[in-house]
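The tour goes stop by stop, with a selection at each one.

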Amino acid sequence: MTHAVRGFGLAATLVFVSTLAVIPQAKAQSAYVYMQSQGPAGPVYGYSASSSGQLTAIPGSPFKPGTQIIGSNKAQFFTLGKTLIHSYAVGSNGAIGSQLSSIGFLNYSGSACGGGTNGFANGLLDHTGQYFYVELQNGGDGSCAAYQTYKINTGGTFTFIGDTEKNLVVGESDSVDLPSILGNESFGYASEWIGHYSSLIGFQRESSGMLQLIQFGETDPTLSGSVYLSANPDGAPSGNYAVVQLYPDNGGGDSNPPQLGSYTVDSKGNISSTNTQSNMPTTAVSPVGSSFSPDGSLFALNGEYGIEIYHFNGAAPLTLNTKLLNNTRVDQVAWDSSHHLYAYSSSTNKLYVFTVTSTSAIEDSSISVSSPWYMVVVSAAATTGGGCSAPASNGINVCSPANNATVTSPVQINAAATVSGGVYRFELWNGSTKLVSIDNSGIMDKSVSLAPGTYHLTFDAYNSAKTTHEYATRDITVK
């Protein structure tokens, strides 16, 4: 596999915004929704979403960072300007506060790929909220793209870790997308676009958090009389899976509706699918973007003709759950960890909130929006990429592995911690051997390779003063 049909590119990260009247909050808080209008320098309207899917304006909204909103790790909110990454304080009510820090991304290696009159940058956070990635391209002679990695420190400051660069074909409208990173943080995938066609590119995340380009193998389903062209990979929030759009290659560009293939990622980053032409679903929405639910059980695909929601079955084919907003252009969708799906449409100028489960989809509310441009949804409850909620008081919630479980390697570790004063370090030990160490985050969502045998695992989370330690244990057998 070498090429893929043009799909939604960066549109998966684009979102919406509103100006409108406030709906009174009815129940407990579910998420914060930030909506930027009028482009990357426009105002940001913030809303608190209740458990019933109603929205209340956050005090002080609209906020005016003057730069493109990217995301939040709950402690800080992050934006990207023409030359700087910015961090802002986040209030207990979700309000975006004063700037904490900034760093100039054109001061570091890879800057030539994004500098100059035509250069531009885009960015994203990793699932843990500990690393900020900047994509630079169209700078200089347009011959390269760069992916920079920055570590987010306590207090919102940044440390540049390094960059990896991709050669581009000059004069061929060659461009690359931001990667979609697997929930276990090991690998990520993106599309490189050359006109209507593209190649998938792969990344491996090093222990430092840095993304590195890798060579990888790709095994696609077979197609009678032709081949599939893969595009728009979306990494699952837990495990080692991805959903890829597969277009028939008949020279018709992206005019053919894609089928949706489920892929497995091995320990070296190779991707493969056992799906077939007959059992993969064919989408009718003309895709623009997609989003997994935080627990990984549902996959939402949005496009020119509405939303399709699928049951995600790991390596097995996706199965259709329901359709929403038929024949309505839906520009972006995003989930919170309480089964709410947020969607906005530039054709109707509305933001919709749905409660979606494996058995039902109910529209909770809709509101008018104005000049929609970009959205960030942040769940109120701390969760890992696998949907593991942190305790309300001090403690550690271990969602996987289960105690006394028999598992295979690599072992999926999925836990969340709460510590007074904030989690400074979150560690996983087997006896005196440290297996995992995470700084400045109470989220642990890792895939750990372990030899066959029995293990007594100890989770340890503590604050910067080391005055409070929280522990949890699990006994497991690796076969």
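Select the hairpin formed by β14 and β15. Five residues lie between the two strands. Glu185 sits in this turn with a positive phi of about 65 degrees. The model is predicted, so read such angles as computed values.

Now colour the strands themselves. β14 covers residues 180-181 and pairs with β15 in the antiparallel sense over two bridges. Within this pairing, Ile181 stands opposite Gly188 of β15.

Stay on β15, residues 187-194. Is this strand mostly covered or mostly open? Mostly covered: seven of its eight residues are buried.

Three bridges join β13 to β15, and the two run antiparallel. Pick Ser175 and look across to Trp193, its bridge partner in β15.

Next, select β16, residues 197-205. How many bridges link β15 and β16? Eight, again in an antiparallel arrangement. Ser191 has Leu200 of β16 as its bridge partner. The hairpin of β15 and β16 leaves two residues between the strands. Gly195 takes a positive phi there, near 65 degrees.

Switch to the aromatic rings. The model holds 16 aromatic pairs. Show Tyr189 and Phe216: their ring centres are 5.3 Å apart, with 75 degrees between the planes, an edge-to-face pair. Tyr189 belongs to β15, while Phe216 is in the loop between β17 and β18, so the pair ties together parts that are 27 residues apart in sequence. Both Tyr189 and Phe216 are buried.

Move on to Tyr424 and Tyr462. Here the centres are 6.4 Å apart and the planes meet at 50 degrees, so the pair is tilted. Tyr424 is in the loop between β35 and β36, and Tyr462 is in β39, 38 residues apart. Check the surface for each ring's residue. Tyr424 is partly exposed, at 28% relative accessibility. Tyr462 is buried, with a relative accessible area of 5%.

Then select Tyr241, Phe292, Phe299 and Phe312 together. Ring pairs link these four residues into a cluster.

Last stop: Gln245, in strand β21, residues 241-248. Why does Gln245 count as buried? Its relative accessible area is 2%, and the cut-off for buried is under 20%. A polar contact of 3.1 Å joins the side chains of Gln245 and Tyr247.

Definitions and conventions
Residues are numbered from 1 along each chain as its sequence is written. This is a predicted model: local features need pLDDT of at least 70, side-chain atom pairs count only at pLDDT 80 or more; totals for chains, interfaces and linings use all residues. Side-chain values use heavy atoms; hydrogens and water are left out. Helices (H or I, at least four residues) and strands (E, at least two) are DSSP runs, numbered from the N terminus. Buried means under 20% relative accessible area, exposed over 50%, partly exposed in between (1.4 Å probe, protein chains only). A polar contact is a pair of N or O atoms within 3.5 Å; within protein, one must be able to donate a hydrogen and the other to accept it, and residues adjacent in sequence count only if both atoms are side-chain atoms. Two strands pair if DSSP finds at least two bridges between them. Rings of Phe, Tyr and Trp (its six-membered ring) pair if their centres lie within 6.5 Å; planes under 30 degrees apart count as stacked, over 60 as edge-to-face and the rest as tilted.
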